[in-house]
Amino acid sequence: MERIYLDYSATTPLDPEVLETMLPYLRNEFGNPSSVHGFGRAARMAVEDARDIIANALGASPAEIVFTGTGTESDNLAILGCALANPEKGRHVITNDGEHHAVLHAFHELKHHGFSVTYLPVDRFGMVDPASVEETLRPDTVLISVMQVNNEVGTINPVEEIGMLARSRGVVFHTDAVQAFGKLPVRIADLNADLVSLSAHKLYGPKGVGALYVRSGLKLGLLLHGGGQERGRRAGTENVAAVVGFGKAAALSVAGMDDEGRRLTALRTELLEGLKSRIPSIVLNGHPVRRLPGNLNVSVPGLRGDEMVMNLDLEGIAVSTGSACTSGAVTVSHVLRAMGVSHDVAQAAVRITLGRYTTESDVQRVTDVFERCVSRMHSS
């Protein structure tokens, strides 16, 4: 059976060019980048080259890029690091109900430190309204966090407007751009962001490495205590091979972003139209236009999403019910609940995410198999 992978928002396969770039740093170039001898200098140069690539992609200074272990660590470093290091500026913070758990749990932790947290609603598409941000701002607001792209339904938030609003009020703005980077433009000047979280394994790089953009001059506390790596902002020896892979993956993804975006949008549209023609009751979750090119989140009311995922898997097709961090739990998505989706629709949700190796024949086969699974599940 030919297997088809359609869970690119959970993780992506490692690009062969990325692997080749990484291999020397898994073999002969093994030096510690903090060492001053030749082995260490070679490793340091490789890390700094990757930092330059990512900074250039963002339109940032290399000194503003901090390498981390994951996107989750980047979110936590941004949120906890900023809020806890600047208590004199205020103890009110703002996020929204549709965020990734890496953000939501970090804000929950701030409650234990005496912070007042406002959770903004999202609309029926999963989008945050900048007007609701403005209405919630207080004199003691110190931080706003709104993701650029929702990881479950693919909706693109108006982060540029939110960032501009935050800047005009002197409030720090963080955006989780893990799902966006390499697929959509992520430019600091456009986002008006002070903190931006990134992750390599969402753009055909290795797992276990992330990055955080930190605006120059922003006071940021530490999550990890130890050596002075990453200019004293993140202790611990850098994962050199993974960092190198991140740089290469970013370069490849950004270079091909426009063409790949158009290709994936066309394939996603073809898949959605095919499913709608075969299954008239199918429901699209998320914004119909303002969404990540490869993201399709759909429900067939009356069925269960987790059972659909298992049925598709038996046919060799890999999809998910939502966030990979929670897809193992049989619960209704917090994102769909926040959007006001009915329980019947929410429990039926399936996230199908296309990527670099998805073909038109894959789309055609998935359409056929999806219809067959729906028919089988209805009759069982």
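A residue is called buried when its relative accessible area is under 20%, exposed when that area is over 50%, and partly exposed in between, with a 1.4 Å probe and with protein chains only taken into account. At 9% relative accessibility, D15 therefore counts as buried.

The structure is a predicted model, in which local features need pLDDT of at least 70 and side-chain atom pairs count only at pLDDT 80 or more, while totals for chains, interfaces and linings use all residues. Residues are numbered from 1 along each chain as its sequence is written, and side-chain values use heavy atoms, with hydrogens and water left out.

The protein chain is built from 14 helices and 12 strands, where helices (H or I, at least four residues) and strands (E, at least two) are DSSP runs numbered from the N terminus. Its radius of gyration is 21 Å, close to the 21 Å that the globule rule gives for 380 residues, so the chain is as compact as a globular protein of that length; the radius is taken over C-alpha atoms, and the rule is 2.2 Å times the number of residues to the power 0.38. Along the principal axes, the C-alpha trace of the protein chain spans about 65 × 55 × 35 Å.

Of the 380 residues in the protein chain, 57% count as buried. Contact here means heavy atoms within 4.5 Å, and of the contacts in the protein chain with a separation of 6 or more, 74% are between residues 24 or more positions apart. The accessible surface of the protein chain comes to about 15600 Å², and 54% of that surface belongs to carbon and sulfur atoms; such areas come from the Shrake-Rupley method with a 1.4 Å probe, and for residues only the protein chains shown count as cover.

Turning to charge, the protein chain carries 36 positive and 43 negative side chains, and the centres of the two sets lie 3 Å apart. In this count Lys and Arg are positive and Asp and Glu negative, while His and the chain ends are not counted, and the place of a charge is taken as NZ of Lys, CZ of Arg, CG of Asp or CD of Glu. A salt bridge is a side-chain nitrogen of Lys or Arg within 4 Å of a carboxyl oxygen of Asp or Glu, and by this rule the count comes to 20 salt bridges.

One of these pairs is R351 with D7, whose side chains meet at 3.3 Å, N to O. The pair links distant parts of the chain, with R351 in strand 12 (residues 349-353) and D7 in the loop between strand 1 (4-5) and helix 1 (16-22), 344 residues apart. Both R351 and D7 are buried. A salt bridge also joins R356 to D15, with the closest N and O atoms 2.7 Å apart. R356 lies in the loop between strand 12 and helix 14 (360-379) and D15 in the loop between strand 1 and helix 1, so this pair ties together parts that are 341 residues apart in sequence. While D15 is buried, R356 is partly exposed, with a relative accessible area of 23%.

A further salt bridge is formed by the side chains of R304 and E307 (3.8 Å, N to O); R304 is partly exposed at 31% relative accessibility, and E307 is partly exposed at 36%. Elsewhere, salt bridges that share partners join R44, E48, R51, E230 and E238 into one network.

Leaving aside residues up to four places away in sequence, R268 touches several residues, including P288, R291, L292 and L354.

Some loop positions complete the picture. G90 sits in the loop between helix 3 (71-85) and strand 3 (92-96), and is buried at 8% relative accessibility. Beyond its neighbours within four places in sequence, G90 is in contact with F115, D140 and V142. Y204, in the loop between strand 7 (195-199) and strand 8 (210-214), has a phi near 70°, a positive value in a residue other than glycine, and is buried with a relative accessible area of 8%. V36, by contrast, lies in the loop between helix 1 and helix 2 (38-58) and is exposed, with a relative accessible area of 70%. V36 and V283 are 247 residues apart in sequence and 59 Å apart in space, C-alpha to C-alpha.
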